[in-house]
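Me: I have a structure open and some labels attached to it. I would like each label set against its cut-off.

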Amino acid sequence: AETTGYYQGNTMSGTRLNSKIEDLGQSITVMTKEQMSDFAMLDINDIFLYEAGTEGIGTYTQFEVDRNASPTDNSLNPQGSNRVRGVGAANLSFANFETSGRVPLDPINIDAVEISRGPNASIIGLGTSGGTVNMVASSANLSRNFSQVQVRGDSFDGYRSSVDLSRVILKDKLALRGSAVHQ
């Protein structure tokens, strides 16, 4: 199934094969790039605000107790301070390869975010008890040219500008894509 607006019918996160979500026996949600753009989502915590069974730093604070029995707040780690299904932090992957989470999720270099809740034995090495958040890497469009320029600002003197270009070199065979962000 093609991606249409907020709907994406296929995923690679279930079995590492291009499979229909309806054929998989697990809870997988796909957040498309269009939905992330419409809701101004820039990181994993923005996405978790809109997904069922997930908590990011906006709704969950991870406390740890150090050796002196003093509680410390782990919300300074926005990629790792989360819970899926109330169990534990999800591991992060980019194009189905596990990442450390040190490089934040950014919508400029991804086409979708696939959230697999709970352990998954089909994706060996990635299925933790919390689940997996897989970022689907952006790819060049082989059939048509694509250009997008965005500028945005917020009420706290923040701003972001981005350029995303895809050019066909040989139709249906070779294309080139480039993206840039200033924030």
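**Labels and their grounds**

Me: Why is Asp164 called buried?

Reply: In this predicted model, Asp164 has a relative accessible area of 2%. Buried means under 20%, so Asp164 is buried.

Me: What makes the pairing of Asp164 with Arg177 a polar contact?

Reply: The two side chains come to 2.6 Å. The cut-off is a pair of N or O atoms within 3.5 Å, one able to donate a hydrogen and the other to accept it, and the side chains of Asp164 and Arg177 are listed as making such a contact.

Me: Where is Asp164, and which residues is Asp164 in contact with?

Reply: Asp164 belongs to strand E13, residues 159–170. Apart from neighbours within four places in sequence, its contacts are Lys33, Ile108, Phe146, Ser147, Gln148, Arg177, Gly178 and Ser179. Contact here means heavy atoms within 4.5 Å.

Me: How do you know that E8 pairs with E11 and with E9?

Reply: Pairing needs at least two bridges between the strands. E8 (residues 91–94) and E11 (residues 131–137) are joined by 4 bridges and run parallel; E8 and E9 are joined by 2 bridges and run antiparallel. Both counts meet the cut-off, so both are pairs. As for bridge partners in E11, Leu92 has Val133 and Phe94 stands opposite Met135. In E9, Phe94 is partnered by Phe97. The hairpin of E8 and E9 has 2 residues between the strands, and Ala95 there takes a positive phi near 55°.

Me: What makes the sheet containing these strands open, and which strands stand at its edges?

Reply: The sheet has 5 strands in the order E3-E10-E11-E8-E9, with mixed pairing. Strand E3 (28–32) and strand E9 (97–98) stand at the edges; each has a single partner strand, so one side of each is left without a neighbour in the sheet.

Me: Which residues have the most contacts inside the largest nonpolar core, and which elements give two or more residues to it?

Reply: This core has 15 residues, and those with the most contacts inside it are Met36, Ile47, Phe48, Val113 and Val133. Helix H2 (44–48), strand E10 (110–117) and E11 each give two or more residues. Not counting residues up to four places away in sequence, Val133 touches residues including Ile44, Phe48, Leu92, Val113 and Ile115.

Technical notes
Residues numbered from 1 in each chain as written. Predicted model: local features only at pLDDT ≥ 70, side-chain atom pairs only at ≥ 80, totals over all residues. Heavy atoms only, no water. Buried < 20%, exposed > 50% of the residue type's maximum accessible area, 1.4 Å probe, protein only. Core = buried A, V, L, I, M, F, W, Y, C linked by side-chain atoms within 4.5 Å.
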